[in-house]
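Hi,

Here is the structure I said I would send over. Have a look at it first, and then read on for what turned up.

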Amino acid sequence: MNKPPTNPSDSNSDSSFHLGWNPNALYNSIIGDLSLGSLSPFHIATLPPSSSLEHLPPPRGGLQRQSLSLPPPEFSAAALPPLVAAAPAPAPARRYQPRQSSSTKPRKKNSSSPSLRLKKGKSETITPPYEWATNRRATVHTLHYLDFKKIHEIKGEVQCRRCESRYEMGFDLIKKFSEVAKFVWENRGEMADRAPEVWMNPSLPTCRYCGQENSAKPVIPRSKKAINWLFLLLGQMLGCCTLNQLRYFCKHTRHHRTGAKDRVLYLTYLSLCKQLDPSGPFDR
Ligand SMILES: [Zn+2]
């Protein structure tokens, strides 16, 4: 059921690449730390340089302590002060530092188009097409909410391109989202606001029935409001959407939606990640 990881970073020969990263610990820690505020390696890595860690809640489990004490992969160990030390240190180059981290005021509203013109007879709210979707078009619930509701598996329909079997498959929310988030975090600098090839031409799951690799294509409903955005995100199959479908997503999530497919697709990935983890490093 789980297709092999599709991102090219898995073939990275740098053995330090995986050091200190535990995707499950990462998003489990976000969920587990709900009462303490989100604290993950992401957030540690994106703190402003002058921030002191002494005001942050203490790390709890062993896994989290481990992830706190190890540098993110793109930092050299020498350039990075121990994260447990509160002393200010010069900031290393931070490719993934979101722009908002240098400012305390939210910028989301400013970056988005305030007006949304809906066609006559269309309402802004809809009946949620899935239990993980909200009643707003192209919007899914946060990880916290989904965890609270004990929604851990995100299902969607696929159809084999060879044997044409049509069936439902599911993705583990935390596991698959951690893969996406990790990929974004590690590759965002190189992406330069454009979806990489692996997103533009996603590799598809192996067919459950005939065993054909790269063949189980997501079934995308004709009605755009019924598109299973979260399923497509977790399978990194948003690239199966047409430009028109992606523009629909961006329109209803108030993002600029002009440009070529790679730009709109990139925006869709980042926006969906942000919907799931609003405090994560997914600002454009
Ligand atoms: Zn098949």
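Before the packing makes sense, one cut-off: two residues count as in contact if their C-beta atoms, placed from the backbone, lie within 7 Å. Also bear in mind that this is a predicted model.

I'd start with helix α10, residues 261–276. At 1.5 Å a residue, its 16 residues should span 22 Å, and the end C-alpha atoms are 23 Å apart, so the two agree. The helix is mostly covered, with 12 of the 16 residues buried; among them are Val-264, Tyr-266, Tyr-269, Cys-273 and Gln-275. What do the buried residues of α10 pack against? Their partners are α5 (143–148), α6 (173–191), α7 (197–200), α8 (229–234) and α9 (243–252).

Now the largest nonpolar core, which has 46 residues. Trp-229, Leu-233, Leu-234, Tyr-269 and Cys-273 touch the most other members. Two or more residues come from each of α5, β1 (153–160), α6, α8, α9 and α10, and α10 gives the largest share, nine residues.

Last, the strands. β1 pairs with β2 (residues 166–172) in the antiparallel sense, over seven bridges, and Lys-155 sits opposite Gly-170 of β2. Five residues lie between the strands of this hairpin, where Glu-164 takes a positive phi near 65 degrees.

Cheers

Technical notes: Residues are numbered from 1 along each chain as its sequence is written. This is a predicted model: local features need pLDDT of at least 70, side-chain atom pairs count only at pLDDT 80 or more; totals for chains, interfaces and linings use all residues. Helices (H or I, at least four residues) and strands (E, at least two) are DSSP runs, numbered from the N terminus. The expected span of a helix is 1.5 Å times one less than its number of residues. A residue is buried if 20 or more other C-beta atoms lie within 10 Å of its own, exposed if 12 or fewer, and partly exposed in between; C-beta atoms are placed from the backbone. A nonpolar core is a set of buried Ala, Val, Leu, Ile, Met, Phe, Trp, Tyr and Cys residues joined through C-beta atoms within 7 Å. Two strands pair if DSSP finds at least two bridges between them.
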